[in-house]
Structure formats: C-alpha cells, structure tokens
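The following exercises concern a single protein chain.

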Amino acid sequence: MKKIAIGGDHAGYEYKGKLVEKLEALGYEVKDFGPFSSASVDYPDYVHPLCTAIENGEFDQGIVICGSGNGVAITANKHQGIRAALCWNEDLAALARQHNNANVLAIPARFISYELAEKLAEIFLSTDFEGGRHQNRVNKIACT
C-alpha cells in the first residue's frame, strides 16, 4: 500500500486529522508532518519537510491542506520533484493524476466541505497517471 505524507497549517488542522484516520482505515501508511494543534503556524515549516521526504522516496504521495490551498501548493511546488495540484472538485483531482502525474494534492479547507476533501483524497490516491502524450509534457515541467 502507498505511503502518504500529510501536513499543512492551522486552517487545515481539523481536516488533516480526520483524513489521517480515514486513510489509515483504507490501509494507507500515513505520516502526519503537522501541525499538531489549531494554533496559528507558518505552513512552509511543515510543507518543506513533507516535500523533501517525498523527493527522497520516503513517501509515494502527499496531501497538504491550508485555508485556500494556495500557500501550501505554492510552497510545495518550489521543490523540483513535486507537482502539487490545488483541487476543489472531483474532476480536477482525477485530471491532476491522469494528465499531470501530480504527487501532492493541495486542499482548500475553508472553501470545501470535509466530505468533499475526503473524496478528493480518495480519487487522487487511487487514480493512475495515463502517461502517453502527457509524459512528454510532464518531462518539461521541472526547471533544470
């Protein structure tokens, strides 16, 4: 089963806790990178270590959660080995995997229900990259 890294900020704290429980119940191995309370924090302090661990091969995919999803996605995408996708509906979660081979899902906790966040995570983690014509495009994403 896949190893999943999860983290974010105070705005995503509640959703993150529930998602950890749900994903573990589905059989995923999950590491929570924090935060570990709803106190105000700076999301880069949690997102950078999470993304480094994915780049190092310690985890297969990641989920990052903040209020808008933008801050965590921007931070994650500073890493050359990360393709983070901000998703707020089911089609975007599927396409992020199918066409972009995204390896990190960014969730906007203040703009979607927890139930939708859970569904997005399930879709993202169970959808495969299609490869083919999309592989050439994905190969051109990283700045090297």
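**Exercise 1. Helix α4 and its ends**

Directly after helix α4, residue N101 adopts a positive phi of about 50°. The model is a predicted one: local features require pLDDT of at least 70, side-chain atom pairs count only at pLDDT 80 or more, and totals for chains, interfaces and linings use all residues. Residues are numbered from 1 along each chain as its sequence is written, and side-chain values use heavy atoms, with hydrogens and water left out.

Task: State where N101 lies, how α4 is capped, and which residues of α4 are buried.

Solution. 

Step 1. N101 belongs to the loop between α4 and β5. Helices (H or I, at least four residues) and strands (E, at least two) are DSSP runs, numbered from the N terminus. The positive phi of N101 occurs although this residue is not a glycine. Most residues other than glycine have a negative phi.

Step 2. At the N-terminal end of α4, the cap is N89, with a side-chain oxygen 3.1 Å from the backbone nitrogen of D91.

Step 3. In α4 (residues 90–100), the buried residues are A93, A94, A96 and R97. They lie on the same side of α4, because they cover an arc of only 155° around the axis; the arc is that of the directions from the helix axis to the C-beta atoms. Buried means under 20% relative accessible area, exposed over 50%, and partly exposed in between (1.4 Å probe, protein chains only).

Step 4. The buried residues of α4 pack against β3, β4 and α5 (114–126).

**Exercise 2. The sheet**

Task: Give the strand order of the sheet and describe how its strands pair.

Solution. 

Step 1. Five strands form an open sheet in the order β2-β1-β3-β5-β4, with parallel pairing. Two strands pair if DSSP finds at least two bridges between them.

Step 2. The edges are held by β2 (29–32) and β4 (84–86); each has a single partner strand, so one side of each lacks a neighbour in the sheet. On average, neighbouring strands are turned by 20° against each other, direction ignored.

Step 3. Strand β1 pairs with β2 in the parallel sense over four bridges, and five bridges join β1 (residues 3–8) to β3, also parallel. I4 takes part in both pairings: its bridge partner is V30 in β2 and Q61 in β3.

Step 4. Strands β3 and β5 pair over five bridges, where P108 in β5 is the bridge partner of C66. Three bridges join β4 to β5, and A84 has V104 as its bridge partner in β5.

Step 5. Five of the six residues of β1 are buried, so this strand is largely enclosed by the rest of the structure. Both faces of β5 are covered, with V104, A106 and P108 buried on one side and L105 and I107 on the other.

**Exercise 3. The surroundings of Q61**

Task: Is Q61 buried or exposed, and which side chain makes a polar contact with the side chain of Q61?

Solution. 

Step 1. Q61 is located in strand β3 (residues 61–66). With a relative accessible area of 4%, Q61 is buried.

Step 2. The side chain of Q61 makes a polar contact of 3.0 Å with the side chain of K2. A polar contact is a pair of N or O atoms within 3.5 Å; within protein, one must be able to donate a hydrogen and the other to accept it, and residues adjacent in sequence count only if both atoms are side-chain atoms.

Step 3. Not counting residues up to four places away in sequence, Q61 touches residues including I4, I54, R97 and F124. Contact means heavy atoms within 4.5 Å.

**Exercise 4. Cysteines**

Solution. 

Step 1. A disulfide is a pair of cysteine sulfur atoms within 2.5 Å.

Step 2. The closest cysteine sulfur to that of C51 is in C66, 12 Å away, which is too far for a bond. C87 is likewise in no disulfide, with the sulfur of C66 nearest at 13 Å.

Step 3. C51 counts as buried at 0% relative accessibility, and C87 counts as buried at 1%.

Methods:
Axes are lines fitted to C-alpha atoms, for helices over the stretch in contact, and angles run from 0 to 180 degrees between N-to-C directions.
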